[in-house]
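The questions below go through a structure one part at a time. Each answer works towards a single value or name.

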Amino acid sequence: MTGPSRRRRLAAVAVIALSAVAGAACSSSADGPSDGGAYLVWDPYPQFADDSEWVALLKKCGTSAGVTVERTGYDTTDLTNKALLAAQQGNSPDVLIVDNPVISTLAEAGALTTTEENKLDVSSMEANLLGAGQRDGKTYGVPIGANTLALYYNRDLLTRAGVDPTSITDWTSLTAALTKVKAAGKKGITFSAIGTEEGSFQFLPWFWGSGAQLTGLDSPQAVSALTLWTDWLKQGHAPNSVINNTQTTSWQEFATGDFAFAENGTWQLANAEKLGFPYGTIAIPASAGGPAPAPTGGEFVSIPVQNKTARYATSQKLVACLTNADNLLTTDTTLSYVAPVAAVQERQAAADPKLKVWVDAVRAAKGRTGDNLGTKYPKISEPLWSAVQAALSGAKTPQEALTAAQATATAR
Amino acid sequence: MTPTTQTSTATRGRGGAATAAPPGPPASRTRRPRRWLAWNFLAPVAIYLVAFYAYPLYRNVELSLREYTVRSFVQGGAPFAGLDNYRTVLTDPAFWPTLTHTLVFTAASLAFQFSIGMALALFFRQHFPLSGTLRALILVPWLLPLIVSASTWSWLLNSDSGLVNAALGAVGIDQVNWLTSPGWSLTSVIIANIWIGIPFNLVVLYSGLQAIPVEVYEASALDGATGWQRFWSITFPLLRPVSAITLLLGLIYTLKVFDIIWIMTRGGPTDSSATLATWSYRLGFGNLLPEFGPAAAVGNLLIVMALIAGLVYIRIQRKQNLR
């Protein structure tokens with residue numbers, strides 16, 4: 001659920017006409033698969049028009065596989081529902097590119113083929129990225145690129161406050177830096193703790209960085225992570241508005257130049273170049289030092305189940321073409337993602353040294369639905385973001401909030 | 001059709017059906033083909049109603065009566081669960097708070113929208129210079145897309161950099177966490193919703209006021225009635241039918257308000273501004289693992305609430321007509 005498409009989420013909300021008959025939308029049918037020659041590709045990149053490099057790549061891959069490609073770009077949030085409906089109606093696209101945590105939901109629905117069936121080669125992919133697409137020993141797709149979270153900082157502001165960003169290696173040194181920034185009359189850090197999946201996504205680096213596991217939301221480590229955030233709010237290091245911030249609004253706060261740090265993702269790199277001040281990035285520190293595992297974002301290329309299984313062979317060629325090393329480099333550069341293949345990551349870091357931090361962060365990152373959590377993850381994530389909201393808004397203490405969250409997660 | 005037109009066409013039909021086709025729809029002995037023709041004329045609207053109202057409604061009821069998982073949603077074969085989904089929803093610890101929020105949200109919104117709309121309608125009845133321009137300006141909230149007005153409100157009410165807190169700060173009031181504290185979030189979304197609803201009430205009540213004959217006011221003025229008496233004894237009673245329909249439409253609209261709340265607070269923090277509409281959305285679409293059954297059940301509860309309000313309205317109106 002992460003990516004450059006964040007800022008369109010509000011628009012998506014407006015478009016999804018929720019009325020009292022919410023579920024009724026299920027009856028509408030999506031575009032049917034067209035004649036044999038055309039292969040349908042759905043992706044969550046509506047920002048790319050027909051003249052973009054991405055679409056050119058799709059067309060080229062189609063030509064080399066001897067078919068024409070019909071591509072439709074959907075909004076990320078919209079695509080999950082669209083994909084489920086299409087699967088229900090039996091008119092799934094031939095190739096579906098979706099946000100990584102959705103893979104386990106679609107796999108649970110029986111809507112995706114496994115690599116055994118579709119003969120995709122995933123051996124070159126990094127294991128920590130591939131994890132999000134695997135359950136019960138089966139792989140349901142190929143990562144096309146990854147993004148993750150790190151801390152952006154305002155170089156000027158840190159210099160004025162007398163903070164050396166390289167000295168920040170653990171939570172204690174980070175909080176010390178925030179205190180110095182506050183003493184210099186500026187604001188410390190901004191992040192997104194909104195009550196959606198986005199909030200969990202942003203909290204996870206701290207949660208995992210404390211040593212906590214998603215299977216135990218109320219562990220002392222988990223409480224320490226939530227206490228860290230809560231104390232930042234209480235001490236004025238982080239603004240109260242983080243409770244309602246999306247990652248985009250949080251970025252806008254950082255862009256004002258008043259904040260020393262912002263937790264945000266790879267997809268902001270292009271915007272970062274437009275900031276009115278010099279910036280830098282550091283990995284999010286773990287509690288005891290070293291980089292914390294951040295959650296991986298980014299999409300998977302999958303081949304949905306078809307009635308005509310003969311189509312898989314061509315779909316496989318299409319996907320193999322999209323995810324070969326050269327094409328990955330092009331795609332991930334356009335999306336400002338980190339490639340899922342080590343060799344391509346090296347080439348990216350060599351081409352742009354600024355990407356080094358991100359490559360390291362992606363290597364340390366973990367899939368949210370990994371560890372064989374699969375579709376259990378959504379049932380853990382919702383109580384988790386609710387607990388974060390409860391603690392930050394002062395409705396509950398971190399301990400109470402997480403105890404309640406664990407009770408909800410186990411009850412489901 | 002009113003009784004008069006029915007009799008007139010009937011007489012005409014008896015006399016002239018055999019001759020050239022008379023104007024108007026004759027109900028004669030050549031009934032069968034005529035009826036087919038009638039059905040053909042009815043077909044577009046009937047098909048429309050079935051395809052866009054009856055079937056979705058049926059599907060929604062069906063969704064709420066079966067135990068759907070993502071798997072059975074796609075593969076079919078969701079087991080019939082009876083009222084299980086309703087039981088799940090009703091026993092959920094979030095149910096009563098959410099219902100209370102929905103009722104408070106609806107009642108407070110309606111009360112303020114209606115009274116402010118009424119006050120403005122009376123005010124604009126005075127026809128002072130520029131009243132037309134001003135009235136047009138007040139319609140702006142209605143013309144703006146909800147995404148725009150809701151986003152604007154959430155910026156205005158931002159805890160740290162919002163205009164409202166800046167204004168309060170200027171007069172020495174501490175920062176209020178409008179959208180991020182459980183104590184204020186519901187109030188904030190109600191305020192935004194009232195602002196959005198005023199124009200509708202203003203327009204409908206204003207046009208209702210135009211229909212009240214001036215003579216009644218002139219007569220009352222001759223009898224020496226004060227402004228207050230004029231309002232309670234003339235305007236308010238004569239405006240009752242218009243008021244009733246305004247309130248009913250407002251009620252149905254407010255019950256299902258979703259966008260404003262979702263954009264401003266996502267129903268949070270900690271569900272403090274969640275209503276049945278946002279809850280239904282969260283269950284059905286707000287999670288990676290949709291729970292269609294309970295989501296549809298909550299949606300149906302909303303429909304039932306609106307339906308009851310509609311029936312009460314019809315009943316009240318019937319009583320008035322009998323009188």
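This is a predicted model: local features need pLDDT of at least 70, side-chain atom pairs count only at pLDDT 80 or more; totals for chains, interfaces and linings use all residues.

Q: Which residue ranges form the domains of chain A, and how far apart are the C-alpha centres?
A: Domain 1 covers 4–16 + 34–146 + 297–364, and domain 2 covers 149–294 + 375–411. The C-alpha centres of these two domains of chain A lie apart by 29 Å.

Q: Which helix supplies the largest share of the side of domain 1 of chain A that touches domain 2 of chain A?
A: The contact takes 17 residues from domain 1 of chain A and 17 residues from domain 2 of chain A. On the domain 1 side, helix H4 (100–108) and helix H16 (356–364) of chain A each supply at least two residues. That side divides into 8 nonpolar, 4 polar and 5 charged residues. The largest share, 5 residues, comes from H16(A).

Q: Which residues have the most contacts inside the largest nonpolar core, and why does this core lie between the two domains of chain A?
A: The core has 173 residues. Domain 1 and domain 2 of chain A both give residues to this core, so it lies between them. Leaving aside neighbours within four places in sequence, Leu226(A) is in contact with residues including Ala387(A), Val388(A) and Ala391(A). The residues with the most contacts inside the core are Leu226(A) and Ala387(A).

Q: Which strands of chain A pair with S7(A)?
A: Strand S7 (residues 149–154) of chain A is mostly covered, with 6 of its 6 residues buried. Over 5 bridges it pairs in the antiparallel sense with strand S9 (residues 259–265) of chain A, where Gly265(A) is the bridge partner of Leu149(A). Another 4 bridges, also antiparallel, join S7(A) to strand S10 (residues 279–282) of chain A, and there the bridge partner of Leu151(A) is Ile282(A). The strands paired with S7(A) are S9(A) and S10(A).

Q: Which strands are the edge strands of the open sheet of 5 strands in chain A?
A: The order of this sheet is S2-S1-S3-S11-S6, with mixed pairing. Strand S1 (residues 38–43) of chain A and S2(A) run parallel and are joined by 6 bridges; Trp42(A) stands opposite Thr72(A) in S2(A). Each edge strand pairs on one side only, and these are strand S2 (68–73) and strand S6 (142–143) of chain A.

Q: Is chain B a compact globule or more spread out, and what is its radius of gyration?
A: The secondary structure of chain B comes to 16 helices and 0 strands. For 323 residues the globule rule gives 20 Å, and the value for chain B is well over that, so the chain is more spread out than a compact globule. Its C-alpha trace spans about 85 × 75 × 35 Å along the principal axes, and 34% of its residues count as buried. The radius of gyration is 26 Å.

Q: Which helix gives the largest share of the side of chain B that touches chain A?
A: The contact takes 49 residues from chain B and 42 residues from chain A. Among the elements that give two or more residues to the chain B side are helix H2 (31–65), helix H8 (146–156) and helix H16 (292–322) of chain B. By class, this side has 27 nonpolar, 16 polar and 6 charged residues. The largest share, 7 residues, comes from H16(B).

Q: Is Ala274(B) buried or exposed?
A: Ala274(B) lies in the loop between H14 and H15 of chain B. Beyond its neighbours within four places in sequence, Ala274(B) is in contact with Thr98(B), His101(B), Gly267(B) and Trp279(B). Because it has 26 C-beta neighbours inside 10 Å, Ala274(B) counts as buried.

Technical notes:
Residues are numbered from 1 along each chain as its sequence is written. Chains are lettered from A and ligands numbered from 1 in the order in which they are written. A nonpolar core is a set of buried Ala, Val, Leu, Ile, Met, Phe, Trp, Tyr and Cys residues joined through C-beta atoms within 7 Å. A residue is buried if 20 or more other C-beta atoms lie within 10 Å of its own, exposed if 12 or fewer, and partly exposed in between; C-beta atoms are placed from the backbone. Domain bounds come from an automatic or database domain assignment. Two residues are in contact if their C-beta atoms, placed from the backbone, lie within 7 Å. Ala, Val, Leu, Ile, Met, Phe, Trp, Tyr, Cys and Pro count as nonpolar, Asp, Glu, Lys and Arg as charged, and the others, Gly among them, as polar. Two strands pair if DSSP finds at least two bridges between them. The radius of gyration is taken over C-alpha atoms; the globule rule is 2.2 Å times the number of residues to the power 0.38.
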